[in-house]
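I opened the notebook to record what I looked up in this structure. The entries follow in the order I made them.

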Amino acid sequence: MLQEKLLLIPGPTPVHPRILNALSQPTVSHVSPIHVDELKEALSKLKKIVFCERGEPFIIAGAGTLAMEMALLNTLAKSEKALILSQGYFGKRMAQIVQSFGMDCDVLESEEAKAVEPEALHTKLSQVKHAVVVSTHVDTATGVCAPVRDYAEMTKDSGSLFIIDGVCATGGMEERMDEWGVDVVFTAAQKCFGVPPGLAVLVVSERAMEKRRSMESIPAYYSDLLNWLPIMKDPSKYFSTPCVNEIRAFNEGTKIILEEGLERRFLRHARVARAIRAALLALGFSFLPEDQYLADTLSVVRYPDGIEDLAFRKTFFANGVVVAGGLGNLTGKVFRMGHMGNLSISQVYFALDALEKTLASVGYAFESKSGLSAAQAILESQ
Ligand code: PMP
């Protein structure tokens, strides 16, 4: 059955039974006390997850791309310029969004397998005034993890707002909004929160909210944070019908995150990432990003000679695991394996066992159990 496959694509990620159960409860009125409490709870927990005390959280029907659009349209005025730090596919999308609204941006593009150097950001900011700097935390096409904390540091004194696209990181990797000086973190439900797709999620600093208030009008209606703010403050009010079941599921997802504990959750992500990479290395694979840019949430894995992409992924699927192919010019050369959200250690072992079975089926020579034991050494170490 389809449902029995382990979903290790870069999102959606496996959905915990508690979240599925929350999703399946009867739909209630969007202005009922039940929904009001659930949305309030979810908003308050969301702020904790990004270490934000004073900003404003938003949970809105949509997906990550809506969150990208909202973050930009509410902080960038028509006459201003954004600076986009692009480490791949989703940095490029951010630039497309700016351009499609007739606005202006500079793009600093990283070399393949690397992130933009913080010094390059520093230089650019000293040359040109940018109202907003945006970076993807983990680019989902390349698997490159960018040094967003360093970027925030560099941007702090420039007067620019700093926005993180955390779609492939938030809730699985540290993002300390207040301490680092981040103005917007946005994500979507289906990645590290482990909730089915359907929500755009943002936390916006006081400074960024001030910026929105300073702009008389923006080219948006559904995406205008000022239309949503009264609802986030008092969910019994109406602006546009919220997806009550999905919000209930998201609330359950945030509960699971805080029950695990943020520090423990980040460490688990880091450890699972190291274990999976150790297994893949032992089996002869390598990684697209250079070592310092590897992400805790996602691996973009280069095939060794002798493995054909489609045959490999089809057999891996038959053995119970779904991974994604490469995007753009990486098609056929890499596969992408998510390891974020509520992934259990037994699921990791299942995936690695299925990987070895797959390699044997496609006729690839390797030392049996070498991947599993490399991972085990990390997962069982203290
Ligand atoms: N940013 C990043 C880093 C992403 O990984 C994605 C989705 N893969 C998006 C933005 C867009 O999100 P969505 O597909 O939910 O619109």
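**Entry: Leu66**

In which helix is Leu66 found? I looked it up and found Leu66 in helix 3, which covers residues 64-73. I noted that I am working from a predicted model.

Next I asked: is Leu66 buried or exposed? Its relative accessibility is 16%, and the cut-off for buried is under 20%, so Leu66 counts as buried.

I then listed its contacts, leaving out residues up to four places away in sequence. Leu66 touches Ile60, Ala61, Ala200, Tyr222 and Ser223. Leu66 and Ala188 are 122 residues apart along the chain, and their C-alpha atoms are separated by 9.1 Å.

**Entry: Asn251**

I moved on to Asn251, which sits in helix 10, residues 244-260. Asn251 has 4% relative accessibility, under the 20% cut-off, and therefore counts as buried.

What does the side chain of Asn251 reach? I found the backbone nitrogen of Ala42, at 3.3 Å. Setting aside neighbours within four places in sequence, I have Asn251 in contact with Glu38, Glu41, Ala42 and Lys45.

I turned to the domain division. Domain 1 takes residues 6-10 and 261-379, and domain 2 takes 17-260. I read 28 Å between their C-alpha centres. Domain 1 gives 27 residues to the contact, and domain 2 gives 34.

How much area do domain 1 and domain 2 bury between them? I noted about 2,500 Å², with 57% of it on carbon and sulfur atoms. On the domain 1 side, Leu262, Phe266 and Tyr293 lose the most area to domain 2. Together these three make up 25% of what that side buries.

I looked for salt bridges between domain 1 and domain 2 and have 3. I also looked at the pair Arg176 and Glu263. Their side chains meet in a salt bridge, with N to O at 3.0 Å.

Which elements give two or more residues to the side of domain 1 that touches domain 2? I wrote down helix 11 (262-282) and strand 10 (298-302). Helix 11 provides the largest share of that side, 7 residues. I sorted that side by class as well: 13 nonpolar, 6 polar and 8 charged residues.

Technical notes. Residues are numbered from 1 along each chain as its sequence is written. This is a predicted model: local features need pLDDT of at least 70, side-chain atom pairs count only at pLDDT 80 or more; totals for chains, interfaces and linings use all residues. Side-chain values use heavy atoms; hydrogens and water are left out. Domain bounds come from an automatic or database domain assignment. Contact means heavy atoms within 4.5 Å. Buried area is the accessible area (1.4 Å probe) that two parts lose on being put together, summed over both. A salt bridge is a side-chain nitrogen of Lys or Arg within 4 Å of a carboxyl oxygen of Asp or Glu. Helices (H or I, at least four residues) and strands (E, at least two) are DSSP runs, numbered from the N terminus. Ala, Val, Leu, Ile, Met, Phe, Trp, Tyr, Cys and Pro count as nonpolar, Asp, Glu, Lys and Arg as charged, and the others, Gly among them, as polar. Buried means under 20% relative accessible area, exposed over 50%, partly exposed in between (1.4 Å probe, protein chains only). A polar contact is a pair of N or O atoms within 3.5 Å; within protein, one must be able to donate a hydrogen and the other to accept it, and residues adjacent in sequence count only if both atoms are side-chain atoms.
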